[in-house]
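Please load the model in a viewer and keep the selection panel at hand.

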Amino acid sequence: MVDVDVAVQAGALLGESPVWSPEEGVLYWADIDGRTVHRFDPATGIDETRSVPGRPGSLVRGTEPGRLLLAAENQAVWLDWETGTTTPWITLEPAGTGNRMNDGRTDPAGRYWVGSMYQRAADELFTGCLYRIEADGSFAVTRRGIGVPNALAFDIERDRMYFADSLTRTVVRYDYDLETGAARNETVFVEFGDLPGRPDGACVDAEGCYWVAAVHGGAVLRFTPDGVLDRRIEFPVKMPTMTAFGGTGLDMLFVTSIGGGGSHPLAAGQPRAGDLFVLDPGVTGLADAPFAG
């Protein structure tokens, strides 16, 4: 049995997007509905925050320490951690559509993949898109008609990209061309079926296995590259949201969670909902590349 510990008693409204910064030895993560970005230092136990305009659906690190690129509301926005200054960069969708940005991460070449969704997931509207942002700020819409984009991850050893629309409860994989950023040949990787909850944020470990948070299911699941479930870790909260490897040896697994935010009601009896969790996964992971722009 794996011990799941509380790393930060944050009480976030909607915790998401943990990203490890190897250069700084810290974990950045977002509280979407709280409109804040956190920086957690495992060595000191200190968790700092910066308020940001708009809801940061996801974040990636830049090439300079303390410089982050956020997907917030309908834009990509730069955040300088030291000053707390935000600078709008590109607009991905028109304002006023009811959509906001959600899950995203960089591929190993430094492109930023990010999806949009209707702001109330409970309404189950398929108004979102999946975007690929290049280093120069140009971007392409790679998929339309998405409900809740999630579970983006890359396995470059096998030339794969993973993605899920949480509303369909299905994770798909693509053949991924790192040179061009093209994702082709969509194939079903995992259908949740009798598995708990829905697929949310995910990552890939050094063995090529896929770790995904089962939101509403109170668990984190690990699948082999063949799509076979080989581990299920129960959580003290019903809505874990995203996994990320961190620590100096990339041997810690951090998991964010939903507190009182989002469009689904929070069930009673979950005092740790919204906290940042950490566990020893028994394997090492991979750090995301910084955004190349």
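For the residue classes used on this tour, Ala, Val, Leu, Ile, Met, Phe, Trp, Tyr, Cys and Pro count as nonpolar, Asp, Glu, Lys and Arg as charged, and the others, Gly among them, as polar. The model on display is a predicted one.

Begin with the second largest cavity, whose volume is about 60 Å³.

Of the 22 residues that line it, Ala121, Val148, Asp200, Ile258 and His264 lie nearest its centre. Selecting β10 (99-106) and β18 will show two strands that each supply at least two residues of the lining. In this lining, eight residues are nonpolar, 10 polar and four charged.

Now turn to the nonpolar cores. In the largest, which has 17 residues, select Val171, Phe192, Tyr210, Leu221 and Phe223, the members that touch the most others. At least two residues of this core come from each of β14 (149-155), β15 (160-165), β17 (182-191), β18 (198-204), β19 (210-215) and β20 (219-223).

Centre the view on Phe192. Beyond its neighbours within four places in sequence, Phe192 contacts Arg169, Val171, Gly197, Arg198, Pro199, Val212, Ala214 and Leu221.

Finish at a second, separate core of 14 residues, selecting among them Ala71, Ile90, Leu92 and Met101.

How values were computed: Residues numbered from 1 in each chain as written. Predicted model: local features only at pLDDT ≥ 70, side-chain atom pairs only at ≥ 80, totals over all residues. Heavy atoms only, no water. Core = buried A, V, L, I, M, F, W, Y, C linked by side-chain atoms within 4.5 Å. Buried < 20%, exposed > 50% of the residue type's maximum accessible area, 1.4 Å probe, protein only. Helix = DSSP H or I, 4+ residues; strand = E, 2+ residues; numbered from the N terminus. Contact = heavy atoms within 4.5 Å. 1 Å grid on protein atoms, 1.4 Å probe; cavity = no way out; pocket = protein on both sides within 12 Å on 5 of 7 lines; lining within 4 Å. Points joined across faces, edges and corners; volume = space filled by probe spheres on them.
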